[in-house]
Each structure stands twice: as structure tokens, then as C-alpha cells.
Amino acid sequence: MIICTLMGLVLASAGYGSAATAPAAKADRPNIVIIVADDLGWNDVGFHGSKIKTPRLDELAKQGVILDQFYVYPTCSPTRAALLSGRNPGRLGILAPLYLDPKDSLPLETVTLAELLVSGGYATGLVGKWHLGPTFDYGPRKQGFREAYGSLHSGADPYKHHWRLGRTWFRNEEFMDEPGHATDLLGREASDFIRRHREHPFFLYLAFTAPHVPLEEEERWIKPYEGIIQNKDRRLFAGTVTHMDDAIGRVLDALDEWKVRERTLIIFLSDNGASHPSRRRNLAATTDITSRRATIARCAAGKAKCTKEASAFRRWRIGGASSNIAK
Ligand SMILES: [Ca+2]
């Protein structure tokens, strides 16, 4: 799933290749905002006919372009590696979600979109989930993001901000603790990034931790789905998505408030579609093909029992072929 909205400028004018590192004048190149949802399914947005309400994304879809032939990889890290590098993540050794081994990180020598844009005079910021390296030595600040804030790993708890193995919430290169729901904090940080950099071209990579598990939401987000969605886990998931949509709306409002929206390219996508039902309690709208790809990826990484089909793929990969498991 991807939506592009572009008002007045095109990406080709972004000034790649300039040796300048100082912030450039604001008028000569567009701002870029890439918004990534984590484990959002095809049928989890209003503009696809879902029961889940996403009015701000629907607004973007109506104003922009919906790419309905658009492919991502089956899990978090490969899609994010491809997005930032422009390369098949198999060539970077990233075939499945990354965990704790630094050698599995996005290679430091990879030329990232953020590094290119820095060389073109952009302010660059990651707000949200990194999941491309388990330590700050392989973190976003080493890959072209001058500012970084959010979750270093995957699966951050919305309120505790820890992942299953400990601390993950950080600013720049230090772990930190702060109160608040992750979705609100990320929306607030993204809006503030726009305010601070409104005078220069900026690249904001806003990677929400939602609606990846674990999920926890205030009743005000869940209650509107009573009587509409019968399954209570699905209601929680729906509330999580609507909450994220609200945070995206605040970011759009910030672009309007600071009068930069008309020269900002906004791209929205989900990193891999809905996750496998066996790994979650919230019943996102998965599909057979998504489930199959996720199973193959986990088998290939040695992290799950292999089905007959996934075993065949694993043998093929071990045999030396580069892979493109999203096709
Ligand atoms: Ca994901």
C-alpha cells in the first residue's frame, strides 16, 4: 500500500549529488516525508473500504495517487533496508527481521537515501522505529540521519517503550525514558521536526511503531468500534490504527501551519502488510499470500519450523542464489 501526494514539485528536483552540506535555501527543492506503518494490512484503511476509520489517510488518498501495484518485503527489516538503500535487501544480507547480532545490520558502507539528501543540503530525521541495527554503532545517526528519535528495535510497548529484551526508546544515541503513548510521542516529535526545519528542505522518515504488537490504547480509540467490529482484539487493532491516523493528521496539520505542505512530497506505505495471525492477537486483515511470505522468511532465517514450501526456498537460498522473496 502506498499513497503519494505531491503538490507543485517533483522528486527529481531534489538536488542529488551536490557536495554542499549546509542547509539549502527552501525554495529550490521539495521537502520529503515518508510515513511507514508497521504491520498494517491492505484492508485496514478507510480508502480500501475497511470498517477501520482513517479519515486523514483517506484525505491523502483522495488528493494524491494510490499505487495499487506496489510491493514490499514480507517483514520489517528487509522493506526498511530496501527503502533506504534502493537495493534488494538480499544483497545486503537482510532477509528477515534483525535482532541482536550487529553483523546482521544494514552495512555501514550502504549509501542511504538520508546520506544522499544530506549531501544535497537537506535536514534529515528519523522519527520512529529503526530496526536496521541493534546498537547505536549501527543506528540511524550512522546512516545519514542528523536527528533520530524513537525505537531502536521492533515491538516497542506503547507505554513502557521497552521491547521484549529491554530498553529501546532513544534520542540520537542515548536510551531514554519518558511518559506517553508511542503514537502520540512520534506524532509530536514529527510535528516539531517540521517546525524546526521549515526554513530548509527536510527529509522526515516517520516510522510508526503502530499497529505492530504489543497493542494498548485508551478507551476513546476503541469505543467507536463497539457494535461495528465484533472481535475485541480486532477492535483494539482498529483503535490503534485510528490513533495512528490521528497522529498522521497532526503531522499534516503542522505542514499546513508552517505553510510548507505545497512543497512537500508525502509518501505513505505499510512495511509488510498484516503479520501472521499466529504471531498476534489482534486479527489484522492478513491474506494467504502475506502469511505464506512471512512463513518463508522466518524459515529462511532459521526462526520457525519450515513448511515444505519454505524448506524448498531455504535450500535454494543456502545454495547461493540472491533472493527476492517478495515476488
Ligand atoms: Ca512490520
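Which residue of E11 does Ile-34 stand opposite? Ile-34 faces Ile-267. The model behind this report is predicted.

## The E2–E11 pairing

Strand E2 covers residues 31-37. Strand E11 covers residues 264-270. The two strands pair in the parallel sense, over seven bridges. Ile-34 opposite Ile-267 of E11 gives a landmark to look for in the structure.

E11 is mostly covered. Of its seven residues, six are buried.

## The H4–H6 packing

Helix H4 spans residues 182-196, and helix H6 spans residues 232-257. Their axes lie 9 Å apart, and the packing angle is about 10°. Angles under 35 degrees count as roughly parallel. H4 and H6 are therefore roughly parallel to each other.

H4 brings Thr-183, Asp-184, Leu-186, Gly-187, Ala-190, Ser-191, Ile-194 and Arg-195 to the contact. H6 brings His-243, Met-244, Ala-247, Arg-250, Val-251, Ala-254 and Leu-255. Sorted by class, the contact of H4 with H6 has eight nonpolar residues, four polar ones and three charged ones.

## The chain overall

The protein chain holds eight helices and 11 strands. It has 327 residues, and 49% of them are buried.

Now take the contacts between residues at least 6 apart in sequence. Of these, 66% join residues at least 24 apart.

Notes: Residues are numbered from 1 along each chain as its sequence is written. This is a predicted model: local features need pLDDT of at least 70, side-chain atom pairs count only at pLDDT 80 or more; totals for chains, interfaces and linings use all residues. Axes are lines fitted to C-alpha atoms, for helices over the stretch in contact, and angles run from 0 to 180 degrees between N-to-C directions. Helices (H or I, at least four residues) and strands (E, at least two) are DSSP runs, numbered from the N terminus. Angles under 35 degrees count as roughly parallel, over 145 as roughly antiparallel, 65 to 115 as roughly perpendicular and the rest as oblique. Two residues are in contact if their C-beta atoms, placed from the backbone, lie within 7 Å. Ala, Val, Leu, Ile, Met, Phe, Trp, Tyr, Cys and Pro count as nonpolar, Asp, Glu, Lys and Arg as charged, and the others, Gly among them, as polar. A residue is buried if 20 or more other C-beta atoms lie within 10 Å of its own, exposed if 12 or fewer, and partly exposed in between; C-beta atoms are placed from the backbone. Two strands pair if DSSP finds at least two bridges between them.
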